[in-house]
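Look over the sequence and the fold before you read on.

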Amino acid sequence: MTHPYDSDDLTWMRRALALAQTVMYTTAPNPRVGCVIVRDGRVLGEGATQPPGGPHAEVGALRDAQARGESVAGATVYVTLEPCSHFGRTPPCVDALLAARPARVVVALGDPNPLVNGRGLARLREAGIAVTTGVCRDEALAINAGFMSRMSRGLPWTWLKMATSLDGRSALHNGVSQWITGPEARADGHRWRARSCVVLTGIGTVLKDDPQLTVRSVATPRQPRRAVVDGRFELPEDARLIDGGEVIVFTARADAAKAARLAARNVRVVELPGQEPHRVDLPAMMRWFAAEQFNEVHVEAGAGLSGALVAAGCIDELLVYLAPMLLGEAAGLVKLPLLERLEAAPRYEFIDAERVGADLRVRARVADHWRELMRRVELPTLS
């Protein structure tokens, strides 16, 4: 049951969301959660979820209150995600809240994890604690779209990053593309790499550019893993991305000897043949990512793989950096089948546009995917 809330609830939940933003790069595969405990307009304690195995946001906020010498009995707890009610790497957060005896708990979003899914809220209500839900729900979902998607759809949330000229070109006719966008846009793109669980590209990009696919322009305590779609298993064994960090290669061709050599260098080879020869089953790859607890996938690839992912329905969101230049006859962004009707074109809804240095960052998402996600994470009605 969703209860009414007031401007103070919005203020404090936005503070909790800001705390969740501070751990954007560190909590995976767990969600990014912030918590603030308040009484009479004064913060008693606050916290954000720590890396896996560390305290969750609610426990962090309770410990912070204790360190300040504050009792939270009768206070209001603002938390961006339903408190967990099961034992994982840490004990249930709902047990810690019940022991602290707040008067009220305000939650932005329900947790679709089958081990939670309303049980945390039910236990709070059974103990006589007032529960308000849905405050800043959309903002909370945007921070944790990947975790919510993995738990509710069995798929990661996947965005496709592209840099383009005003006329939709990604490179000159001779393949030169460095750099279409400016340094500020490139650094911003690395922030999106940093928040993802994996950076995905295609073998064509590896053969052409020999990229590292690492986060370099922003500080992060955790590098996302790297993955390559390589249907024919052509990955050069001296590629720069084979540097000791974990790399995943999806292929449609078996080569046990090469796979064994690469495994010794922390490269994991996953065979996922599709219906067509030498093609990887892309939807199966996305299900594999979710099963392996990857929340968010950041794609930076050439037009071929980008188009194939779009055509297979694997892309949820577009992250486009638009440079104020015209390139004329040159390489396009995505290769899609020829369309005879406009109605058949993949469509998106704009959700954000922001100036980044001299360039423009535009975000758009598949409206049906977002609506489905919103529907799946609706809190159950509890009496």
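## Helix H10 and its ends

Glutamine 293 follows H10, and its phi is positive, near 70°. Bear in mind that this is a predicted model. Glutamine 293 belongs to the loop between H10 and strand E12, which covers residues 296-299. How exposed is glutamine 293, in relative accessibility? The value is 39%, so glutamine 293 counts as partly exposed.

Now take the helix itself. H10 runs over residues 282-291. It is mostly covered, with 7 of its 10 residues buried. Which ones are they? The buried residues of H10 are Leu282, Ala284, Met285, Met286, Trp288, Phe289 and Ala290.

The other end of H10 has a cap. Aspartate 281 caps the N-terminal end of the helix. A side-chain oxygen of aspartate 281 sits 3.1 Å from the backbone nitrogen of alanine 284. Alanine 284 is itself one of the buried residues of H10.

Where does aspartate 281 lie? It is in the loop between strand E11 (267-271) and H10. Its relative accessibility is 26%, so aspartate 281 counts as partly exposed. Not counting residues up to four places away in sequence, aspartate 281 touches Leu272, Pro273 and Gly274. Threonine 251 is 30 residues from aspartate 281 in sequence. In space, their C-alpha atoms are 8.9 Å apart.

## Other loops

Asparagine 266 is in the loop between helix H9 (256-263) and E11. Its phi is near 70°, a positive value in a residue other than glycine. At 36% relative accessibility, asparagine 266 counts as partly exposed.

Glutamine 223 is in the loop between helix H8 (203-209) and strand E9 (225-229). Its relative accessibility is 40%, so glutamine 223 is partly exposed. Beyond its neighbours within four places in sequence, glutamine 223 is in contact with Thr214 and Val215. A polar atom of its side chain lies 2.8 Å from the backbone nitrogen of valine 215. Leucine 213 is 10 residues from glutamine 223 along the chain, and their C-alpha atoms are separated by 9.6 Å.

Threonine 80 is in the loop between strand E3 (76-79) and helix H3 (93-100). Is threonine 80 buried or exposed? Its relative accessible area is 3%, and the cut-off for buried is under 20%, so threonine 80 is buried. What surrounds it? Leaving aside neighbours within four places in sequence, the contacts of threonine 80 are Met13, Ala16, Leu17, Ala20, Arg32, Val33, Gly34, Ala108, Leu109 and Ala140. Its side chain also reaches the backbone nitrogen of glycine 34 at 3.1 Å.

The loop between helix H1 (7-21) and strand E1 (34-39) holds proline 29. A cis peptide bond joins alanine 28 and proline 29. Omega there is about 10°.

| Side chain | Backbone nitrogen | Distance |
|---|---|---|
| Aspartate 281 | Alanine 284 | 3.1 Å |
| Threonine 80 | Glycine 34 | 3.1 Å |
| Glutamine 223 | Valine 215 | 2.8 Å |

## The whole chain

Along the principal axes, the C-alpha atoms fill a box of roughly 65 × 45 × 40 Å.

How much of the chain is buried? Buried residues make up 51% of the 383 residues.

The surface comes next. The accessible surface of the chain comes to about 17,400 Å². Carbon and sulfur atoms hold 51% of that area.

The chain has 46 positive and 44 negative charges.

Conventions. Residues numbered from 1 in each chain as written. Predicted model: local features only at pLDDT ≥ 70, side-chain atom pairs only at ≥ 80, totals over all residues. Heavy atoms only, no water. Buried < 20%, exposed > 50% of the residue type's maximum accessible area, 1.4 Å probe, protein only. Areas by Shrake-Rupley, 256 points an atom, 1.4 Å probe, with all protein chains shown as cover. Lys, Arg positive; Asp, Glu negative; His and termini not counted. Charge placed at Lys NZ, Arg CZ, Asp CG, Glu CD. Helix = DSSP H or I, 4+ residues; strand = E, 2+ residues; numbered from the N terminus. Polar contact = N/O pair within 3.5 Å; in protein donor to acceptor, adjacent residues only side chain to side chain. Contact = heavy atoms within 4.5 Å.
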